[in-house]
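Subject: Structure handover

Hello,

Here is the structure for your files. My notes on it follow below.

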Amino acid sequence: MSSSLCTVVALYGGAGRRASQQGGYKQRAAAQPLAAGGVTEAPPPGPVVSAPRHPDRGGADELVAWKSIRQERWEGLLEVEGKLPLWLDGTYLRNGPGLWDLGEYGFRHLFDGYATLVRVSFRDGQAVGAHRQIESEAYKAAREHGKVCYREFSEVPKPDSFTSLIGQITSLFTGSSLTDNSNTGVVRLGDGRVLCLTETVKGSIVVDPDTLDTVSKFEYDDKLGGLIHSAHPIVTDTEFWTLIPDLIRPGYVVARMDAGSNERQFVGRVDCRGGPAPGWVHSFPVTENYVVVPEMPLRYCAANLLRAEPTPLYKFQWYPDSGSYMHVMCKASGKMVASVEVPPFVTFHFINAYEEKDEEGRVTSIIADCCEHNANTSILDDLRLHNLRSFSGEDVLTDARVGRFRIPLDGSPFGELEAALDPEEHGRGMDMCSINPAHLGKEYRYTYACGARRPCNFPNTLTKIDLVEKTAKNWYEEGAVPSEPYFVPRPGAVEEDDGVAISMVSAKDGSGYALVLDAKTFKEIARANFPYGLPYGLHCCWVPRDK
């Protein structure tokens, strides 16, 4: 069998027998022996969900990164180029929107797509790949009815009548119409459970990292309530921290949860200093002793939430006159220790934070780093699929930098925000970041992120930032769209950058592969090729193999 034919067989087969069991599958598609062309052959059953009728929507030059996944699930042995480290023993998971088409209808925004979980399991120098749609209620309803049934990032169900419109508005306030499409983050909890997340509390879903089965909803056993929360909790082996925005009395509840528990515990509350609503908190940082609560002037907007058609800022509104603030809360007491005004900022993702101390060991300030878009809100509308699919060669990517906040703890009313290094080092593109997890909340030197080689309309490089030398090393492949580089430390490593960075890449030729870079040199070690193209994805985690 030819290599190209093997690829087609692998792409359209291998869905396996569908048998419902707690919302999942009894049997997954088994990995098959390698065919002569080096690509996994798969059994003949067709996909559970048919390929989109117009998979090439957006033009012949459209990158595979912005096309819907062609079937609901697949698994097989991957062809490896190069040599994978033998110590790399575990599972890389990536979550993100991967299905933007429902029959003839196409979603408008990157963040609307239904969640597609991608897995690459590494062992003994080999790699097994898989993907699977997360079985959220929103996805299952859309699959059954062929239309949007829940409120997504920019999409709302189309009301059939005035009565149904009133019902939609009512259900918005109760939360029942909000999506549970957990297409944003994926984290491994301290007790080993793997949780997929989005910004709605109901969109917290437990998955099996081995089969990618949807196991259950993650139900919080407490009375803290809330319809939305940060999409990026801080997770360690012992605890889980999150922020819950209060849209009625503008502020944020800070909560923590012990590993193995489903009960969030109230730690404290931060009242917003600006208004008329809380600033968006997609993510936030912590230090060893403090939680940092950002308050952006990009704030939640009830009027935009109620609109049937999105505005350029979607469910948010820009209130520059409301001020920008950084609040610091003590983890142990829940008391505020600082609240400072800072220059306006726009960020999706904080990188890390740590405490600065004087010669006597007293904490004098907090350093908090983020991927900051120069207070430019246009980044949200830049992520419309039409914009991503219609790159004309003009340099339209919004500039970004490593924004470094310095928050004094001496009672000063103002903090600082400046670039941690010259943004030209990483092409004035900066997002989707990871660090060595051993340095979470501590002083650190390196971060790994997506940067830019211009002209471009989306981050198209991988970059290793050295915050001490204030330099960057960059990886680039023409026409490729890499996703978040996730750092995996080598077992027993002492140096901060001793390990690998893994990124899923959607290539210009329509293929997809898992790229493994030496985190020290930032040179390619190996790539594990999927037999089909992969849509762009968002965030990742690492699940080490049980010994």
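Which residues do ring pairs link into a cluster? They are F111, F153, W280, Y300, Y314, F316 and F348. Rings of Phe, Tyr and Trp (its six-membered ring) count as a pair if their centres lie within 6.5 Å. Over the whole structure, the search finds 22 aromatic pairs.

Before the rest, the conventions. This is a predicted model, in which local features need pLDDT of at least 70 and side-chain atom pairs count only at pLDDT 80 or more, while totals for chains, interfaces and linings use all residues. Numbering starts from 1 along each chain as its sequence is written, and side-chain values use heavy atoms, with hydrogens and water left out.

Confidence: pLDDT is the predictor's confidence in each residue, from 0 to 100. The average for the protein is 88, and 86% of the residues score at least 70. Residues 1-60 stay under 50. For that stretch the model has 127 contacts (heavy atoms within 4.5 Å) beyond four places in sequence.

Overall make-up: the protein has six helices and 37 strands. These are DSSP runs numbered from the N terminus, helices being H or I of at least four residues and strands E of at least two. Of its 547 residues, 57% count as buried, meaning under 20% relative accessible area with a 1.4 Å probe, protein chains only. Among contacts with a separation of 6 or more, 63% are between residues 24 or more positions apart.

Two strands pair if DSSP finds at least two bridges between them; β17 (residues 251-258) and β18 are joined by six. In that pairing, the bridge partner of V253 is R269 in β18.

Charges over rings: this term requires NZ of Lys or CZ of Arg within 6 Å of the ring centre and within 35 degrees of the ring normal. R264 has its charged end over the ring of Y220, 4.3 Å from the centre. K464 is placed over the face of Y446, at 4.4 Å from the ring centre.

S322 is buried, at a relative accessible area of 13%. Leaving aside residues up to four places away in sequence, S322 touches G274, G275, P297 and R299.

Regards

How values were computed: Rings of Phe, Tyr and Trp (its six-membered ring) pair if their centres lie within 6.5 Å; planes under 30 degrees apart count as stacked, over 60 as edge-to-face and the rest as tilted. Buried means under 20% relative accessible area, exposed over 50%, partly exposed in between (1.4 Å probe, protein chains only).
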